[in-house]
Amino acid sequence: MGGRGGWWRGKSTPAKVETYTRWSFHTFPFIEVATFALPAFGYVPAPVNWILFLLVSAHAAVAAVTASLTLDWTRGRRPLPVRLLWALGTATVVIAVVSLVVALHGPRGADNGAAAGTVFVGVLSFGVGTLALAVRGTRRMVYGVLGAAVGAGAVAVPAGVPAPGAAVAAGAVVLAAGFFTFTSAFSVWLLNAVYELDEARETRARLAVAEERLRFGRDLHDVMGRNLAVVALKSELAVQLARRGRPEAVEQMVEVQRIARETQREVREVVRGYREADLRTELAGAQGVLTAAGIDCEVSGPVTGLPVEIQSALGWVVREATTNVLRHGDAARCSVSLRVAKDRVTLTVENDGAPGTGTAEPGRGSGLAGLRERLREVDGVLRAGPAGSDLFRLTAEVPLPPDSVPEQAPAPESGGSPRPVPHPVSEVTS
């Protein structure tokens with residue numbers, strides 16, 4: 001039981017929806033046989049009942065294979081099984097006609113005709129519903145259902161069915177075939193929608209990383225481009241002055257040296273702003289990004305008053321955990337709590353809906369390893385691992401300096417609307 005549960009929890013949401021859809025269509029053949037073929041044994045004498053049973057069973061088997069291959073085509077994994085679709089359509093018509101002939105000209109009994117007539121309607125309905133998987137467009141599906149109903153009436157009347165009976169059969173085909181067609185159309189739409197939403201979430205995470213790269217590149221270009229242009233001009237001027245034996249060349253080279261040092265300082269500031277993370281900003285950014293991804297995020301605990309180096313280390317933990325919640329698993333809820341005691345501060349990130357883990361397994365991946373290195377600089381420790389059947393918990397503990405007394409200011413509330421932040425997620429993944 002645990003193995004099966006783990007197999008199911010190990011799937012992403014799109015994979016779960018696809019599995020559910022496929023097994024739903026795999027149950028249709030059993031429903032078709034149980035509803036239309038097995039009752040024939042109670043109302044139709046042998047050997048006609050066996051003929052109907054075998055025909056309906058063969059039709060159900062062909063429909064099951066057709067549905068499976070057509071769903072693969074829907075996801076772009078194989079070409080459309082045209083020959084199998086034609087085979088299913090031909091089998092549907094032939095078996096429906098045979099059942100109609102049995103109903104009109106087969107062995108007479110109290111319920112023989114009704115049982116065979118039910119097979120006629122059922123086979124047409126299941127056949128049209130399965131063929132609808134290969135149809136795109138509501139209008140074509142409606143035409144298919146109406147065409148099956150009109151064809152049923154057109155075949156029934158020449159075969160000897162009275163006009164009112166043919167009308168009833170056509171109406172039954174419209175209702176049953178319409179229901180199965182709607183089921184097929186809705187299943188395909190839902191499956192495609194879930195996959196598209198999952199792709200959009202991954203794209204959003206990649207765009208956040210790309211935006212951060214562009215910001216860093218833009219800042220670095222602004223610093224380096226301007227200063228290097230000045231260095232190039234002054235170096236050229238110093239060369240010309242040196243060739244003429246002018247003492248001003250030394251002054252120009254001193255100025256070049258000053259600009260180079262200033263450039264080094266500015267580059268360090270840019271890199272420091274990129275590498276250091278503000279805890280409050282990261283908490284607000286994590287809440288905004290996760291909420292935008294449809295994940296219920298709750299943030300609690302004090303933030304202000306912590307030393308800068310501790311805020312930076314914990315900010316990186318929040319950033320990495322947010323990235324992994326977005327890019328791994330299938331979380332519906334994520335909670336971030338910060339607890340401050342007299343001698344230590346504890347940050348806990350917990351999410352559900354993950355395939356065994358919401359982030360990488362403990363000890364694996366460069367993301368968690370990098371966090372452990374950052375926390376080690378402030379004597380902190382990192383623990384990560386499953387916390388239940390579908391929960392994953394990441395905990396970071398950092399000791400506080402003896403003279404550090406943080407203010408008990410609340411973190412961003414879960415119901416608020418956090419402003420966009422410059423570092424919503426990190427490129428590093430576990």
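## A first look around the model

At 31% relative accessibility, Phe41 counts as partly exposed, a label for values between the buried class (under 20% relative accessible area) and the exposed class (over 50%), using a 1.4 Å probe and protein chains only. Before going on, note that this is a predicted model, where local features need pLDDT of at least 70, side-chain atom pairs count only at pLDDT 80 or more, and totals for chains, interfaces and linings use all residues. Residues are numbered from 1 along each chain as its sequence is written, and side-chain values use heavy atoms, leaving out hydrogens and water.

Back to Phe41: you'll find this residue in helix α3 (residues 40–43). Helices here are DSSP runs of H or I with at least four residues, strands are runs of E with at least two, and both are numbered from the N terminus.

Now for helix α11 (residues 308–327). Its 20 residues reach 29 Å from first C-alpha to last, close to the 28 Å expected; that expected span is 1.5 Å times one less than the number of residues. Since 17 of the 20 residues are buried, α11 is largely enclosed by the rest of the structure.

| Residue | Relative accessibility | Class |
|---|---|---|
| Thr348 | 10% | buried |
| Asp379 | 60% | exposed |
| Cys297 | 1% | buried |
| Cys334 | 1% | buried |

Thr348 sits in strand β3 (residues 344–351). Leaving out residues up to four places away in sequence, Thr348 touches Ser335, Val336, Ser337, Arg339, Arg393, Leu394 and Thr395, where contact means heavy atoms within 4.5 Å.

Asp379 lies in the loop between α12 (366–377) and β4 (381–386). Most residues other than glycine have a negative phi. Asp379 has a positive one, of about 65°.

What about the two cysteines? The sulfur of Cys297 is 5.0 Å from its closest cysteine sulfur, in Cys334, so the two are too far apart for a bond. With a disulfide taken as a pair of cysteine sulfur atoms within 2.5 Å, the count comes to zero.
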